[in-house]
Amino acid sequence: GCVGSVLFQEVNRQTIRLLQRAGCEVIVPRSQRCCGAIHHHGGRIEKAQALARRNIDAFFSARSRHRDAPGVDHIVSNAAGCGAMLKDYAHLLRHDVAYGGKAAALSERAVDICELLVKLDLPAPPRAVRRTVTYHDACHLAHAQKVTAPPRALLSRIEGLKVVPLVESDMCCGAAGTYNIAQPQMARRLAERKLRHIQATGASVCVTGNVGCAMQIAGEARRLNIPLRVVHPVTLLDEAFD
């Protein structure tokens, strides 16, 4: 993800380490570009389609170091907004004669990091993380991708971690792609509502699987002087393996 690679580089490194622990060979194509989600949110469909075609070329030209490998098995994202967009390439390019088939194939291979780690049966982490956290369902993960159980399943494997259920966990935090820019007042009200629920859990850490949510919740917490750490599920998992 564009923002993730700039502001959350360590989460990308943690993601790669966990995939390697699960036995994966990880390839990061240098020619990949923005997934096009922000352009799509803003109604710039043709630009989003152009970016999708470039990513299709990038990921389908990616190959394992092993000569007999047919290519990549999964296209993994740790940013819910990006993952949702990758899974939607089939629809975005459904009328494209040249790229429609490839777009469908890419969408079938696109997967959220938590989905894949559960599927690969990542070993139980050896180190306890004694902390109280709560989990926020990112809209693009819960509603767009229908991924809600895998992140919780991974967190449950961490010894000592107490996960307190969050009221309205799947209610939007106000980020919503570009919503916090286009509708800042409404976005702020949603964030304040989310933070009230987080405070009610007594947790000092909020876990979420999307960079947009992480920035929105953390930023509004700072504005309101609420001490809160916002992390991705893979951050806690990586800590438990360290």
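Predicted model: local features only at pLDDT ≥ 70, side-chain atom pairs only at ≥ 80, totals over all residues.
Trainee: Which helix does M215 lie in?
Mentor: Helix α13, residues 211–223.

Trainee: And what does M215 form together with V3, V6 and L7?
Mentor: A nonpolar patch on the surface. Together the four have about 350 Å² of accessible area.

Trainee: Where does the largest share of that patch come from?
Mentor: Helix α1, residues 2–7. That helix gives three residues.

Trainee: New topic. A187: buried or exposed?
Mentor: Buried. The relative accessible area of A187 is 1%, so A187 falls under the 20% limit for buried.

Trainee: What is A187 in contact with, leaving aside neighbours within four places in sequence?
Mentor: C173, G174, Y179, N180 and Q216. A187 itself lies in helix α12, residues 184–201.

Trainee: How far apart are A187 and C172 in space?
Mentor: 8.8 Å, C-alpha to C-alpha. In sequence they are 15 residues apart.

Trainee: Now the sheet. What is the order of the four strands?
Mentor: β4-β3-β5-β6, in an open sheet with parallel pairing. The edge strands are β4 (161–164) and β6 (229–231), and each pairs on one side only. Neighbouring strands are turned by 35° against each other on average, direction ignored.

Trainee: How many bridges do β3 and β5 pair over?
Mentor: Three, in the parallel sense. Strand β3 covers residues 131–135, and β5 covers 205–207.

Trainee: Which residue in β5 stands opposite V133?
Mentor: V205.

Conventions:
Residues numbered from 1 in each chain as written. Heavy atoms only, no water. Patch = residues over 30% accessible without salt bridge, like charges linked within 9 Å, V, L, I, M, F, W, Y side chains within 5 Å. Areas by Shrake-Rupley, 256 points an atom, 1.4 Å probe, with all protein chains shown as cover. Salt bridge = Lys/Arg side-chain N within 4 Å of Asp/Glu carboxyl O. Helix = DSSP H or I, 4+ residues; strand = E, 2+ residues; numbered from the N terminus. Pairing = 2+ DSSP bridges. Axes fitted to C-alpha atoms, helices over the stretch in contact; angles between N-to-C directions. Buried < 20%, exposed > 50% of the residue type's maximum accessible area, 1.4 Å probe, protein only. Contact = heavy atoms within 4.5 Å.
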